[in-house]
Amino acid sequence: MRVIFDAVSERDRASQSDKDNPFRIIGRMSTEAIRLQKARAKAGYPTPADAARAMGVPLPTYYAHENGAKGLSRSGKRYARFFRVSYDWLMNGTGEMKPAELRSPGRITINLYGSVGAGFMVEPISNTSYADALDEIELPDMEFVGALKINGDSQYPRYLHGEVVMYDLRPVTPDVLKGKYAVVDCLDGRRVLKILRKETPSGAWQLDSHNAPSEEVDVLAAYRVLGTLS
C-alpha cells in the first residue's frame, strides 16, 4: 500500500480488505504517526522495514507505530534519538523537526589525486604538489556514518585487529553488496565484517573470510563499508 503523508482523502479510502497487510492504515492516522513516517524518510530509510531492522525493533511493533495503531508514548524518545529529530516535534508537532544541534554539517567530499601501486603494477608519481585533484569522492552525510572496531584477524591482511571500520548506517539488501566486504547483521544476532559472496538456494548467504571457513547465514541487513582508521 502506498502511504500518503498529507492527502487525508487517500487514507480514508484505505480498503478494509487489506487486513493481511501489517502496514495497513488504521482509520484516520494520528499526526504523530505521520511525523514518524516523515522522520524515518528524512533519515534515509526508504521503508518501515529498513528502519525497524536498523533499530532492532520487531517489525509488527514498528508497523503499528507508523500506521497509527499504537501511540508513541513508550517509544517516542527512542525514535527521536535514532532519527535525529526533536522529541517535542515528533510527539506534539512543536518546534522544528531538526533543531540546529541535530543538523548534520552536510556531505563531505575527499579529493582524489590518482592511484597508488598495490601489486606488481606500479603507478608513476605524477602529482607531488597536491594542488590539482583529479576527481572527488563523496561520503554520505555524516549523520549516517558509524564506526566499528575490528576484533580478530579473520580478515587479515585486508583488515587488521584493532582497526576502526567506518560504514553507512543505512541498511541495504545483501544483493546490492554482492562480492564486496560489508558489515552484516545475521539472524543469529551476530554483527560481522565479511565478504557477501552469493545467495544460496535456501535464501541464506555465503559469507567469506580470508582466514576463517566460509559460512552460510540468514542475513537481516547489510551495510556499505566506507573505509578504515588505523
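**The core and its neighbours**

Q: Which residues have the most contacts inside the largest nonpolar core?
A: Tyr62, Tyr79, Phe83 and Leu90, in a core of 30 residues. A nonpolar core is a set of buried Ala, Val, Leu, Ile, Met, Phe, Trp, Tyr and Cys residues joined through side-chain atoms within 4.5 Å. Buried means under 20% relative accessible area (1.4 Å probe, protein chains only).

Q: Which helix gives the most to this core?
A: H3, with four residues. Helices are DSSP runs (H or I, at least four residues), numbered from the N terminus.

Q: What should I know about the model?
A: It is predicted: local features need pLDDT of at least 70, side-chain atom pairs count only at pLDDT 80 or more, and totals for chains, interfaces and linings use all residues. Residues are numbered from 1 along each chain as its sequence is written, and side-chain values use heavy atoms, leaving out hydrogens and water.

Q: What is Tyr79 in contact with, beyond four places in sequence?
A: Leu36, Met55, Val57, Tyr62, His65, Leu72 and Leu90. Contact means heavy atoms within 4.5 Å.

Q: Switching to H4. Which of its residues are buried?
A: Tyr62, Tyr63, Ala64, His65 and Glu66, in a helix spanning residues 59-66. Their cover includes helices H2, H3 and H5.

Q: And what follows H4?
A: Gly68, with a positive phi near 85°.

Q: Which backbone nitrogen lies 2.9 Å from a polar atom of its side chain?
A: That of Leu72.

Note on methods. Buried means under 20% relative accessible area, exposed over 50%, partly exposed in between (1.4 Å probe, protein chains only). Helices (H or I, at least four residues) and strands (E, at least two) are DSSP runs, numbered from the N terminus. A polar contact is a pair of N or O atoms within 3.5 Å; within protein, one must be able to donate a hydrogen and the other to accept it, and residues adjacent in sequence count only if both atoms are side-chain atoms.
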